[in-house]
Each structure stands twice: as structure tokens, then as C-alpha cells.
Amino acid sequence: MDTGGNSLPSGTDGVKRKVCYFYDPEVGNYYYGQGHPMKPHRIRMTHALLAHYGLLQNMQVLKPFPARERDLCRFHADDYVSFLRSITPETQQDQLRQLKRFNVGEDCPVFDGLFSFCQTYAGGSVGGAVKLNHGLCDIAINWAGGLHHAKKCEASGFCYVNDIVLAILELLKQHERVLYVDIDIHHGDGVEEAFYTTDRVMTVSFHKFGDYFPGTGDIRDIGYSKGKFYSLNVPLDDGIDDESYHYLFKPIIGKVMEVFRPGAVVLQCGADSLSGDRLGCFNLSIKGHAECVKFMRSFNVPLLLLGGGGYTIRNVARCWCYETGVALGVEVDDKMPQHEYYEYFGPDYTLHVAPSNMENKNSRQLLEEIRNKLLEYLSKLQHAPSVQFQERPPDSELPEADEDQEDGDERWDPDSDMDVDDERVKREAVEPEQKDREGLKGMAEQARGFDMIADDSISTKVLDMSSMPIDEPSIKVEQENMSKASDHMYPHS
């Protein structure tokens, strides 16, 4: 099958998209610990490729403003967020009971700067949603985000804060319906669980199923109550290749777009579904993976692209670089330019790597059964569910224009170091409006829509949005220069 890479057609999809890209140069410094497969360094490697391929000059490059505690608490439990803020490698031995309660330890270790890391990657995803809401870009990218396993009250699968849920809540202020698509090899359980009972968010996850983390995502799991048929799961077996993957992806997502008609789409681009991943067992090429991005882009709906899994880090960087090119509609050369991480990509020094000859355990019969079952589910959906509109808080303030839009010649120098230029890269400051403490707390509870359960030991609660208004409490977006922003970096809650 010709996946086409990012050779975009000349029709509607041939139009260039305005892309916002969120990156914090500190993100690559966070370290989960020796031997841990999750390496934030891959984000810095991706950024280096983008710089040296000259892609940064085609995007608005933004440094995310760190998400505040109150922002994180729009989904996560207050005591869990407070724990993440206070825990350090030095103090963790004194908090063994809380470590167990919040599932922090082996897979999700305590490391230096843990809370700052959470604030950074969540800030990028929420900032991207704000940009899309204001129509300031067509596609927003945060490769540091996409941590889809985190739950309301606990860490899971290398994920501490669920930036995806936070970004979707932000998008719901402006859009009646939001579609979430997950192409990570692992089931997007945290996002599915959060929106399992609402028809305003549809979740579609393509993942390895059967004796594989997190063990959820059966084809029979379709949502509950108002959310019935608004969760779709595509359970796959080892060795799936590009052709088999798109035999499912395109008709299913095409039908979802036709029936659900989302106002915005969030695509989690976990790269552990690539061939040769350290923890994965699929056989997708980079072009096959990127074809999903190209397909979602073709609908010309506001699109938030997020990272996720990916543990053979040279291939993660290759993939997300190529997918940034797809988002921009820019052809990216296979021959890799010289850059500071060039030696990681030997001996070929190319962007693309060939899939392996591993066996594809997904028979055509199995694929047909999955496809038919999911299309049957979709046939039971009412077209584009409506939302009862209520009086809404005022819109967020529009951020000021980024300076490198004003001076088109002052862009990133691909030969320069990757550090962000303080004069040209703005922080995105995302703050709730100042309200009295009681009012803010009450509105946050309404926004989260949780059925509060007395038993503290129950940490997996479902987000019920059936009665949630179109708008959450409004937030104010400010873009400040770096000296002002530093004053707000660690606000007191």
C-alpha cells in the first residue's frame, strides 16, 4: 500500500496549515532514572531534528507556561496534585503509604523536578488547546505531552498528569464535541475512563490487546449511559503492518468523522507502535504511522498533536520530526542533516527505517471482524449529538501575536544551538480568573463532574460530563515576556 508519506494532495488538503509548536528546552533534562525506558531526552532529539531540517521557521514556536496546581485540579484530585508537588527523592522514604496510594514507585518513579516536568508537559497541551480555541492556528503540537495512562487519583504507566484530559476539557469550552484518537501501542485507558459516560467526547484507541499493559481496551468496551457507543476500542495483535493498520484506521475514523462531526480532534501519536520499539510489538513504518496524521489533517478540523509512548528514542525522534513535516505540508528529506545527535542515527543516517519481517498475527478475517463490529457500533450513534447551550463565561483573552510572526526574517537559525531565544519565544500563561476561593472550588467540582465516593481507596473514578455545560470556568490567557513570566513560574496556590 502506498502510504504517501507527506506528499500532500493538491486539493483542500494541499493548503498549508498554520502550526503552533510548544517546546521547553529544559524538558530533555528530566530523568526517570537508570534503566527506565521513558526518556524525556527524546523530545530534545526531536527538536534538534526539527531545527536542522529547517522546520521551526515554518511554525510559531512557543515555550509553554507551566500548568498551575489549580489547572491540574480541573481533572486530578487535589490531594494527588499536592502529593506530586511535595514529593522528592529525599522525602519519599517518609511517605511510603502515599506512594502506594498514588501508585508512585517503580513504573512511575520519584525523580528530581517531577512536578515541574508535569507542569511543563501539561502546560504545552493546554496551551495548544487555547491556541486552537482562539483560531490562532490550525494545528498545535506538543511532543512532550500525550501521557494517556494517568488517572484522577493515581499515576500509571510512566504517566503522572493526564495532559490529554486537561486539553480536551479546555477544547470543550469552545467545541460541542471533541474526538480523541490514540495510535500508541498501549490502550488510552486514562482518557477513555475520564470521558466514558459522556457523548461530548468520543475516544478511539488502536492498541495491542491481550496480556499487555494496561490490560484494558476490549472491543466490547463502548462507553456507558450517555456515553454508550462513544468509546471505541480497536484490539490488535503482534506484528501489524501499515496496510493492515490502515485497513481499519481509515474506514473507522472516516465514519467517526462523518457521524460524530467533532469541532476539534486530539491525536495521540505514541511512537511505540513503530517497528523495532523497545517495549512494542507492532511493525509500522514511520510513513505508515504518519499516514494517520496525514489522514486526520485532511479533514481540516482544528487538530492537537501530542506525543506519548516510544522507547527506541532515535526512532521516536525520526517519527515526530517526520510527522511535524506532515502537519506543515513540508516534504522532509530522508537524508539526515548533521546535528548534535547525528551519531544516534547511524549507520544509515536516514529519517526512515525499514519495518522488520516479523509475522503479522492479524489475519484478514480478524481485521474484517473488528472492522464490521466497530462500524456496526457507529451505525447506532445518533448523528452529531447536540448540546444544550447555557450562559457562558466570557471568552479567554486573545494572546498577543508572537514576535516572529511580525518579523518573518527573524526565525530559528538551524545551525544555532537549540536553546530557546528568549526574545522571540513567548510563554503561554494559563490562569483561571480570580474568584473567591469558595466559588472557584465549587465551579471546579462542577467542571470535573465527579461522583464523589467516600472510600478514599477507590482511585479510579469516572468523569461524568452528562450535565456539564459547554464551558468550564473561563481562564485568562496571558503572554508575558520572560522576565515577568518567571515571577509566576511557581505560584502559590
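Reply: In this predicted model, Glu 258 has a relative accessibility of 44%, so it counts as partly exposed. The reasoning rests on two limits, because a residue is called buried under 20% and exposed over 50%, with partly exposed in between. Lys 255, at 28% relative accessibility, likewise counts as partly exposed. The side chains of Glu 258 and Lys 255 meet in a salt bridge, with 3.4 Å from N to O. Both residues belong to helix α8, and because they are three residues apart there, about one helical turn separates them.

Apart from neighbours within four places in sequence, Asp 238 is in contact with Lys 208, Cys 281, Glu 359, Asn 360, Lys 361 and Asn 362.

A pair of aromatic rings is described by the distance of the centres and the angle of the planes. For Phe 206 and Phe 249, the centres are 5.0 Å apart and the planes are at 40°, and the pair is tilted. Phe 249 lies in helix α8 and Phe 206 in strand β5 (residues 201-208), so their pairing ties together parts that are 43 residues apart in sequence. Phe 206 has a relative accessible area of 0% and is therefore buried. Phe 249 also has a relative accessible area of 0%, so Phe 249 is buried as well.

Cys 292 is found in helix α9 (residues 286-297). With a relative accessible area of 0%, Cys 292 is buried. Leaving aside residues within four places in sequence, the contacts of Cys 292 are with Ile 183, Tyr 245, His 246, Phe 249 and Leu 267. A further comparison places Cys 292 and Ile 253 at 39 residues apart in sequence, with 9.6 Å in space from C-alpha to C-alpha.

Asp 184 lies in the loop between β4 (178-182) and α7 (189-194). Not counting residues up to four places away in sequence, Asp 184 touches several residues, among them Phe 206, His 207 and Gln 268. Is Asp 184 buried or exposed, and which side chain of opposite charge is nearest? Asp 184 is buried yet has no salt bridge, and the nearest side chain of opposite charge, that of Arg 42, is 7.3 Å away. The side chain of Asp 184 does make a polar contact of 3.3 Å with the side chain of Gln 268.

The charged end of Arg 364 sits over the ring of Tyr 247, at 4.2 Å from its centre. The charged end of Arg 371 also sits over the ring of Tyr 247, at 4.0 Å from its centre.

The structure holds 13 salt bridges. One of them joins the side chains of Glu 69 and Arg 85, at 2.6 Å from N to O. Glu 69 is in helix α2 (residues 69-72) and Arg 85 in helix α3 (residues 78-86), so this pair ties together parts that are 16 residues apart in sequence. Glu 69 has 13% relative accessibility and so counts as buried, whereas Arg 85, at 43%, counts as partly exposed.

A final view takes in the chain. The protein chain has 14 helices and ten strands. Of its 493 residues, 62% count as buried. Among contacts with a separation of 6 or more, residues 24 or more positions apart account for 81%. The pairing of Phe 206 with Phe 249, whose parts are 43 residues apart in sequence, illustrates a link between a strand and a helix.

How values were computed: Residues are numbered from 1 along each chain as its sequence is written. This is a predicted model: local features need pLDDT of at least 70, side-chain atom pairs count only at pLDDT 80 or more; totals for chains, interfaces and linings use all residues. Side-chain values use heavy atoms; hydrogens and water are left out. Contact means heavy atoms within 4.5 Å. Rings of Phe, Tyr and Trp (its six-membered ring) pair if their centres lie within 6.5 Å; planes under 30 degrees apart count as stacked, over 60 as edge-to-face and the rest as tilted. Helices (H or I, at least four residues) and strands (E, at least two) are DSSP runs, numbered from the N terminus. Buried means under 20% relative accessible area, exposed over 50%, partly exposed in between (1.4 Å probe, protein chains only). A charge sits over a ring if NZ of Lys or CZ of Arg is within 6 Å of the ring centre and within 35 degrees of the ring normal. Lys and Arg count as positive and Asp and Glu as negative; His and the chain ends are not counted. A salt bridge is a side-chain nitrogen of Lys or Arg within 4 Å of a carboxyl oxygen of Asp or Glu. A polar contact is a pair of N or O atoms within 3.5 Å; within protein, one must be able to donate a hydrogen and the other to accept it, and residues adjacent in sequence count only if both atoms are side-chain atoms.
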